[in-house]
Amino acid sequence: VLLEHLLRSDAAPNGTTEMLLDQLMRTCAARQIANVSLGLVPLHGDVPRWLAVAGALARRCYDFRGLAAFKARLRPTTWQPLSVVHSAGQGVIAMRA
């Protein structure tokens, strides 16, 4: 399950987003869906140089550090590598989910 956009009203109480994610993950677990991803954090942290440059250029539009901090607050049990879609004949790039 990829959860890319989660919007919260300023009027929503603190913890609303975390409660929604908790319910999503519990539902996925009950349905034996093993992986839940919150998106583009692979562009933050220890990544190949060219990918770090792409992340730095996109930082004006997207808060990768904020998303990484949010995900860390959820205390995931593991970070699993994902692969970037690529054209035939090109290598696969491993990234954190």
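Is C61 buried or exposed? C61 is exposed, with a relative accessible area of 73%, where exposed means over 50%, buried under 20%, and partly exposed in between, judged with a 1.4 Å probe on protein chains only. The model is predicted, so local features need pLDDT of at least 70 and side-chain atom pairs count only at pLDDT 80 or more, while totals for chains, interfaces and linings use all residues. Residues are numbered from 1 along each chain as its sequence is written, and side-chain values use heavy atoms, with hydrogens and water left out.

**Cysteines**

- C28 is buried, with a relative accessible area of 4%, whereas C61 is exposed at 73%.
- A disulfide is a pair of cysteine sulfur atoms within 2.5 Å, and by this rule the count comes to zero disulfides.

**Salt bridges**

- The structure holds two salt bridges, each being a side-chain nitrogen of Lys or Arg within 4 Å of a carboxyl oxygen of Asp or Glu.
- In one of them, the side chains of R73 and E18 meet at 2.2 Å, N to O.
- R73 lies in helix α3 and E18 in helix α1, so this pair ties together parts that are 55 residues apart in sequence; helices (H or I, at least four residues) and strands (E, at least two) are DSSP runs, numbered from the N terminus.
- E18 counts as partly exposed, at 26% relative accessibility.
- The side chains of R26 and D22 also meet in a salt bridge, at 2.7 Å, N to O, and both residues lie in helix α1, four residues apart, which is about one turn of the helix.
- Of this pair, R26 counts as exposed at 54% relative accessibility, while D22 is partly exposed at 35%.

**The second largest pocket**

- On a 1 Å grid over the protein atoms alone, a pocket is an open set of points with protein on both sides within 12 Å along at least five of seven lines, where a 1.4 Å probe fits, and lining residues have an atom within 4 Å of a point.
- About 410 Å³ of space lies in the second largest pocket, a volume being the space filled by probe spheres set on the grid points, which are joined across faces, edges and corners.
- This pocket is lined by 18 residues, of which E4, L6, T17, L67 and F70 lie nearest its centre.
- The elements that give two or more residues to this lining are α1 (16–30) and α3 (64–73), and α3 gives the most, with four residues.
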